[in-house]
Amino acid sequence: MIHPNPNHSRTAAGERQAVVKRRPRTRFAATLAALASAFILGGIHHNAHAVLVNLDTTLLGGTSARLDFALLDGDGDLGNNTVTISSIVTDGTLGGTDCSVGCTGGPPFTISDALGLGQFLQDLTLGTTVSFDLSFTTRFSGNGAPDRLSLLLLDAGSNLTLLDTNLDFSGDPVPVQDALLIVDHAPGAQVRFATVSSPALPIAVPEPGAGALFSLGLALIGGQRIRRRHSCVSHRTEAAAQARLSTSTHTPPGE
Amino acid sequence: MKTSATSNRRSLLTLLCAAACLALPVSGVFAASHREAPLTALDHKADITDWYAFVSYDNPNKVTMILNTDPLLEPANGPNYHPFDPEVVYEMKVDNNFDGDEDVKIVFRFQSEIRAPGVFTSFVGAGGGVSAPANSPAPVPPGTPIVPPAITALDGPGSAGLSLRQTYTVTIQKKVGSVWQTVFSSGNRKLYAVPANVGPRTMPDYPSLAAQGIYDLGGGIRVFAGTVDDPFYIDLGAAFDTLNFRAGAFATGIPAVLSNDQDAADDVNFAPDAVAGYNVNSIVVELPTTLLTSDGQVHPATDAKAVIGTYGTTSRPRIKAQPTTAGGKPSLSSNFVQIQRMGNPLINELLIGTGDKDKFSMSEPKNDSQFAGYLLDPLLARVLNAAYGGAVAIPTPPRLDLLPLVTYGAPICPGCTAAQAGPVADLLRLNTGIPATAKAIRKRLGVLDGDFGGFPNGRRLSDDATDIAARVVAGVLNPAFNVFPNNRIGDGVNGNDVAYQETFPYVAFANSGRNSRHQNPGTSGCVSTPPPFLPMLCPTD
């Protein structure tokens with residue numbers, strides 16, 4: 001199963017920077033609301049520049065595998081993008097990493113398409129889950145096609161994909177085959193997750209109904225908190241204004 | 001009885017002749033492994049043409065392995081000729097514990113340098129060098145060196161004309177548990193790949209130049225890499241023209257069926273060798289047997305531990321992003337995907353269906369049970385059976401007689417138990433306890449002719465893989481089918497057009513570009529030579 005973890009409150013670096021000036025409680029509420037919005041909007045499509053991804057690898061437990069994050073250029077040098085991968089967590093065993101091609105850091109690892117290809121590889125022995133944060137930029141020069149991030153789950157020995165998925169766009173300007181997720185880097189970029197895979201690992205996302213219901217709940221909670229705070233602020237502001245008004249001007253009743 | 005037998009044989013021959021004259025809609029072919037899969041048909045540099053492994057001729061405690069890639073290289077094809085591909089990882093792999101998975105691997109990576117970027121060709125040189133004459137137009141003053149001296153060395157003096165020069169690294173790794181440990185690395189030592197043989201002016205003593213590419217790395221390890229004569233031999237044109245073999249080349253009068261005399265005439269050709277005069281890129285390594293066996297010891301032939309399974313692979317970066325600036329360099333993924341592999345010289349070529357060849361090429365031998373269907377009822381056998389109107393009887397599937405090629409067992413591994421047979425895996429199995437056969441008694445048909453130093457116990461350069469493979473597919477490993485005509489099937493090409501070397505690196509050095517030549521379809525080989533066929537090579541046109 002692959003999905004953003006709705007129970008996880010962490011956000012990736014990009015979003016942290018974007019919201020750093022917000023008050024903590026407001027940020028928490030906004031995050032809940034954003035997660036909810038993401039579910040509601042597409043179920044498996046997420047308008048976001050940062051996302052927490054969780055893979056359910058139960059059926060491949062014990063397999064020696066490799067996560068392959070590849071960012072390929074599609075639009076030339078004017079629209080370079082970056083993707084940061086952080087907080088990789090698994091109940092399996094993390095192995096070595098490769099950050100030698102268009103990649104810096106460690107950890108977190110940031111890949112760029114400035115050289116045409118950025119790639120980060122994480123070896124691991126799969127357990128039941130793998131999660132990580134992704135944050136990314138969304139520049140597009142308007143020429144060619146948007147840069148594309150793809151995540152593949154590979155056999156660590158052969159580098160052949162362990163999964164046959166429906167994210168298979170061999171004929172695209174920036175081709176990809178059997179990806180678990182892709183991001184086409186342009187304003188309003190969406191993370192697209194594979195919804196079908198075979199034969200080894202069925203990729204699941206929350207049931208649309210459950211997801212929608214859960215999302216609605218999250219939205220209500222988030223919305224309520226925001227509204228409550230806004231309401232408090234409004235009440236306080238209104239009271240203060242009224243107090244000021246009452247001290248500066250006296251209006252006789254009935255006028 | 002004799003009359004009856006003669007009559008039966010005559011009837012058989014008549015039937016064979018009649019059948020051979022029919023245009024049959026057959027699709028299988030005898031084939032070399034040159035460009036046999038769709039993927040490598042488009043990727044010559046990663047195309048493995050042949051894979052060899054044998055006990056070294058001059059040392060029974062060493063094994064020589066040869067990985068040939070990049071097929072049918074025209075010797076005159078300048079100006080860049082035939083460098084190895086720096087993007088390709090070339091590997092030789094060895095299984096030593098009967099599980100079909102590699103336990104030892106030898107990894108080769110190449111790098112290119114352009115030493116004279118202003119020169120239009122990769123290799124240039126003449127005599128002691130050519131300088132600008134007295135009437136040289138300005139701004140080049142008379143006496144200015146224009147053409148460097150002839151190329152006589154891979155490095156240092158005499159190498160100035162070697163503009164496109166390649167170096168390579170060698171790494172040997174052994175698997176300990178699930179971890180690969182490097183047991184040898186050539187490190188920063190400069191190992192130069194031997195360039196193509198441009199011609200006598202540019203490279204006046206090519207054998208001497210090529211011999212400089214033989215490196216002793218210490219520890220009993222020797223390596224060589226470079227362009228060489230393609231050691232494979234076959235009537236390729238006839239084979240691929242839907243088995244349209246040349247009736248006139250065979251004393252039996254039956255296409256692709258040799259007479260006894262022809263069959264016994266090793267190194268004599270009765271049909272043109274389509275590979276004659278072509279080059280190939282070759283990587284050769286010799287190393288102690290103790291580096292390859294599971295316990296680091298040399299074992300007698302009767303001990304299962306003497307037997308190893310070998311294969312070669314080529315791999316490419318999984319992703320390549322072309323440069324977006326003119327003259328820029330591509331970005332290459334740091335993880336590699338296998339493009340091709342080769343163990344036995346016949347499995348992918350002769351048995352695997354074209355629709356699955358790429359899948360086979362990119363798979364690992366330990367998973368070859370998925371291809372067992374091709375192996376246990378090979379289409380080629382049915383083609384042979386049909387092409388000769390039933391005269392070439394074949395065993396009934398499942399073809400268990402072919403298992404010795406893809407599992408560990410007798411005759412290659414007489415010491416193997418049933419538990420050591422391992423999975424079905426296309427590995428070239430070699431019993432390192434069987435010493436090399438002396439040249440005088442070496443047989444092109446290897447084990448089929450009682451020479452256990454050759455294919456399918458490993459494979460030597462001189463082994464006639466085409467004839468052996470065709471006969472094996474026709475069932476000759478089953479004594480009931482080791483009969484005429486099954487055991488006389490052949491293409492009429494019994495040997496290479498040039499002699500191999502008897503010492504490391506064994507391959508013949510590259511054919512000359514200036515004086516390149518091939519055999520024309522009309523080259524009739526030695527068919528006109530009357531029995532007993534004097535040992536002579538076919539003429540070349």
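Reply: In chain A, 77% of the contacts with a separation of 6 or more join residues 24 or more positions apart; a contact requires C-beta atoms, placed from the backbone, within 7 Å of each other. The model is predicted, so local features need pLDDT of at least 70 and side-chain atom pairs pLDDT 80 or more, whereas totals for chains, interfaces and linings use all residues. Residues are numbered from 1 along each chain as its sequence is written, while chains are lettered from A and ligands numbered from 1 in the order in which they are written.

Chain A has three helices and 17 strands, taken as DSSP runs numbered from the N terminus (helices H or I, at least four residues; strands E, at least two).

Strand β2(B), residues 62-73, pairs with β12(B) in the antiparallel sense over nine bridges; pairing requires at least two DSSP bridges. Within β12(B), B:V284 is the bridge partner of B:I66. Strand β11(B), residues 221-229, also runs antiparallel to β12(B), joined by eight bridges, and B:V223 stands opposite B:V285.

Turning to the interface, 15 residues of chain B are in contact with 19 of chain A. On the chain B side, the largest share, three residues, comes from β16(B).

Terms used. Contact = placed C-beta atoms within 7 Å.
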